[in-house]
Amino acid sequence: MSKVFSTADVKAHNSKSDLWVVIHNKVYDITQFVLEHPGGEEVLLDEAGKDATESFEDIGHSDEAREILSKYLIGELDAASRVDNHKFDPIRAGELPDQKSGSALRVIVPALAIVGFLAYKFVLGKN
């Protein structure tokens with residue numbers, strides 16, 4: 001059975017020498033990983049003692065990073081502290097985000113620029 005922590009428990013561990021984060025309602029003690037983190041220690045210290053789910057997912061961590069993270073799992077959040085409505089687009093390292101359909105402005109703006117250029121040349125050509 002896993003240990004259960006509150007957000008207050010996690011919040012108390014917010015320094016380089018004692019750093020916990022929450023990701024997907026699971027609590028991780030990443031104190032030993034701070035100096036090894038490829039993105040630098042600052043990004044971890046910014047999330048220290050907090051729910052870092054959105055930051056973790058937004059950056060697009062690889063499967064290897066997720067495997068490394070699992071080594072630092074120490075428990076999970078209690079029912080009252082759980083958050084299930086995070087806002088992020090999960091992207092894994094090496095994946096491209098879904099392409100969104102183009103806007104009409106992608107065609108209209110260059111077309112207007114060409115028309116403007118031609119009109120300018122036409123007006124100058126007459127002088």
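What share of the 127 residues in the protein do buried residues make up? Buried residues make up 27% of them, where buried means under 20% relative accessible area, exposed means over 50%, and partly exposed lies in between, with a 1.4 Å probe and protein chains only. This is a predicted model, in which local features need pLDDT of at least 70, side-chain atom pairs count only at pLDDT 80 or more, and totals for chains, interfaces and linings use all residues. Residues are numbered from 1 along each chain as its sequence is written, and side-chain values use heavy atoms, with hydrogens and water left out.

**Figure 1. The protein has 5 helices and 5 strands.** Helices (H or I, at least four residues) and strands (E, at least two) are DSSP runs, numbered from the N terminus. Starting at the N terminus, the order of elements is β-α-β-β-β-α-α-α-β-α. Contact means heavy atoms within 4.5 Å. Among contacts with a separation of 6 or more, 73% join residues 24 or more positions apart.

Figure 2. Two strands pair if DSSP finds at least two bridges between them. Strand 1 pairs with strand 5 (residues 73-77) in the parallel sense over 3 bridges, and here Phe5 has Leu77 of strand 5 as its bridge partner. Strand 5 also pairs with strand 4, in the antiparallel sense and over 3 bridges. In strand 5, Leu73 is the residue opposite Tyr28. Strand 2 and strand 3 are antiparallel, with 2 bridges; Ser15 has Asp18 in strand 3 as its bridge partner. In a regular strand, side chains alternate between the two faces of the sheet.

**Figure 3. Ser2 lies in the segment before strand 1.** Which residues does Ser2 contact, leaving aside its neighbours within four places in sequence? They are Gly75 and Glu76. Ser2 and Glu76 are 74 residues apart along the chain, and their C-alpha atoms are separated by 6.9 Å. With a relative accessible area of 36%, Ser2 is partly exposed.

**Figure 4. His24 and Asn25 each have a positive phi although neither is a glycine.** The phi of His24 is about 55 degrees, and that of Asn25 is about 65 degrees. His24 is in the loop between strand 3 and strand 4, and Asn25 is also placed in the loop between strand 3 and strand 4. Are these residues buried or partly exposed? His24 counts as partly exposed at 35% relative accessibility, whereas Asn25 is buried, with a relative accessible area of 4%.

**Figure 5. The largest nonpolar core has 13 residues.** A nonpolar core is a set of buried Ala, Val, Leu, Ile, Met, Phe, Trp, Tyr and Cys residues joined through side-chain atoms within 4.5 Å. Leu19, Val21, Ile23, Tyr28, Ile30, Leu44 and Leu69 touch the most other members. Strand 3 (residues 18-23) supplies the largest share of this core, with 3 residues. A second, separate core has 6 residues, including Phe5, Val10, Val22 and Val27. Apart from neighbours within four places in sequence, the contacts of Ile30 are Leu19, Val21, Leu44, Leu69 and Tyr72.

**Figure 6. The largest pocket has a volume of about 510 Å³.** On a 1 Å grid over the protein atoms alone, a pocket is an open set of points where a 1.4 Å probe fits, with protein on both sides within 12 Å along at least five of seven lines; lining residues have an atom within 4 Å of a point. Grid points are joined across faces, edges and corners, and the volume is the space filled by probe spheres set on the points. Of the 22 lining residues, Phe33, His37, Leu44, Phe56 and His61 are the closest to the centre. Strand 3, helix 2, helix 3 (53-58) and helix 4 (63-70) each give two or more residues to the lining, and helix 4 gives the most, with 4 residues. The lining has 14 nonpolar, 5 polar and 3 charged residues. Here Ala, Val, Leu, Ile, Met, Phe, Trp, Tyr, Cys and Pro count as nonpolar, Asp, Glu, Lys and Arg as charged, and the others, Gly among them, as polar.

**Figure 7. His37 sits in the loop between strand 4 (26-29) and helix 2 (41-47).** His37 counts as buried, at 16% relative accessibility.
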